[in-house]
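Subject: Handing over a structure

Hello,

Here is the structure I promised to pass on to you. Please open it first, and then read my notes below alongside it.

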Amino acid sequence: MEAISKNFFLYLSNNKVLDRLAKRFGSRFGADKIVGGETFSQAIPIIEQLNHDGLQVTVDHLGEFVTSEEEARNRAEECVEAVQLIAENQLQSEISLKLTSLGLDISHQLVIENMEKILKEAQAREVTVTIDMEDSSRCESTLEIYKSLKKDYSNLGTVIQSYLYRSDCDIEELHSVDPYLRLVKGAYKESGKVAFIDKEMVDSNLKHLIKKNLKNGHYTAIASHDDAIINYTKQLEREMSLSKDQFEFQMLYGMRNETQKQLVKEGYTVRVYLPYGEDWYGYFMRRLAERPANVAFAIKGIFSK
Ligand code: FDA
């Protein structure tokens, strides 16, 4: 049953007709519980409140299915503006972005130009940028771009997904560029040819990758809502005598709010991933796929509007 509902919501997340309808009808179905508004300005008071509660933030301007050069350049401008607003409002926030929204599927040159525009501004304003990882067909190109840009921009991070067989080798290869990595289980529908299908394998590989990246001496972001992963990280902290400034926890906005606050109380850095923008639809559907319990607040959202 769980697998059916997961596949159903992943299918919906890729449905372009529903995506267009969702944009036309605005932010509904409970999405506002996990999305920070349709513009960066709407997200500012939310970021301020999170910062006030001791939480760090990374904002993500939602965007998928970008197929025109003009749209990709507009997206880059929006990221530049977000960086400027973070600095001007003295927000404790990084930004996260997806390379497909900046033209990865259009041309290599376009995506590099867009990234450099964003990174120059971000470096000048001391804002960190993390490249989200998308589906496995884009992993190789994303990591190649990451490695080439990381040489000139130290304020750049990316994501490694523990469901992919290749991730152990990727961490090995990234070691030489002193990476800033967010480690996650992975959110896309992947085949057994490239990814572990068994959830236990995904979980144990995430533990393995966390330990490996910390042993390599790199600051590590552990992005998971799973108590088993959080407790494992705390166990590593003791075993490896890590200090709390060698790693951070990351969680999605609106998920496990009490756990986020508890970790802050315990002295950990916790970063909340706050998506905003008109393109909330695909993001929202993937969250429903991950956790059918989220469907309950989606249904409440339909009737409360
Ligand atoms: P998982 O879904 O495996 O659940 C394990 C257990 O955790 C559950 O049984 C439950 O006990 C608990 N749990 C999970 N969610 C909960 C909730 N909402 N409330 C209460 N308990 C809950 N993916 C990707 O492919 N590319 C990316 O760039 C990113 N980026 C990213 C950033 C951040 C900050 C986060 C937190 C996640 C991502 N992801 C991602 C998504 C990631 O790959 C993964 O799909 C989700 O985090 C779900 O996996 P978890 O480890 O959180 O728990």
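To start with a term: two residues are in contact if their C-beta atoms, placed from the backbone, lie within 7 Å. In the protein, residues 24 or more positions apart account for 73% of the contacts with a separation of 6 or more.

Please keep in mind that this is a predicted model, in which local features need pLDDT of at least 70, side-chain atom pairs count only at pLDDT 80 or more, and totals for chains, interfaces and linings use all residues. Residues are numbered from 1 along each chain as its sequence is written.

The overall picture

The protein has 12 helices and eight strands; helices (H or I, at least four residues) and strands (E, at least two) are DSSP runs, numbered from the N terminus. Of its 305 residues, 41% are buried. A residue counts as buried if 20 or more other C-beta atoms lie within 10 Å of its own, as exposed if 12 or fewer do, and as partly exposed in between, with C-beta atoms placed from the backbone.

Strand β8 (residues 270-276) is largely enclosed by the rest of the structure, because seven of its seven residues are buried. V270, V272, L274 and Y276 point one way from β8, while R271, Y273 and P275 point the other way, and all are buried.

Two strands pair if DSSP finds at least two bridges between them. Strand β1 (residues 56-61) runs parallel to β8 and is joined to it by six bridges; V57 has V272 as its bridge partner in β8. β7 also pairs with β8 in the parallel sense, over four bridges, and there L252 has Y273 as its bridge partner in β8. From β7 the chain crosses through helix α10 (residues 257-265) to β8, in a right-handed β-α-β crossover. Right-handed means that, with the strands pointing away from the viewer, the path from the first strand over the helix to the second runs clockwise.

Around the ligand

There are 23 residues around the ligand, and D132, V184, S224, H225 and D226 come nearest; a residue is near a molecule if its C-beta atom, placed from the backbone, lies within 6 Å of it. This shell divides into 11 nonpolar, five polar and seven charged residues. Here Ala, Val, Leu, Ile, Met, Phe, Trp, Tyr, Cys and Pro count as nonpolar, Asp, Glu, Lys and Arg as charged, and the others, Gly among them, as polar. β4 (156-161), β5 and β7 (247-252) each supply at least two residues of the shell, and β7 gives the most, with three.

Positions from the record

An unreviewed UniProt entry lists M133, Q161, K185, G186, A187, K199, S224 and H225 under "binding site". UniProt positions are given in the numbering used here, feature names are shortened, and annotations may be inferred rather than shown by experiment. G186 sits in the loop between β5 (180-184) and α8 (199-215) and is buried, because 21 other C-beta atoms lie within 10 Å. Leaving aside its neighbours within four places in sequence, G186 is in contact with Q161, S162, Y163, L164 and A195. K199, found in helix α8, counts as exposed because it has 10 C-beta neighbours inside 10 Å.

The unreviewed UniProt entry also places "binding site" at K98, R286 and R287. K98 lies in the loop between β2 (93-97) and α5 (108-124) and is buried, with 20 other C-beta atoms within 10 Å. R287 belongs to helix α11 (residues 280-290) and is buried, with 22 other C-beta atoms within 10 Å.

Best wishes
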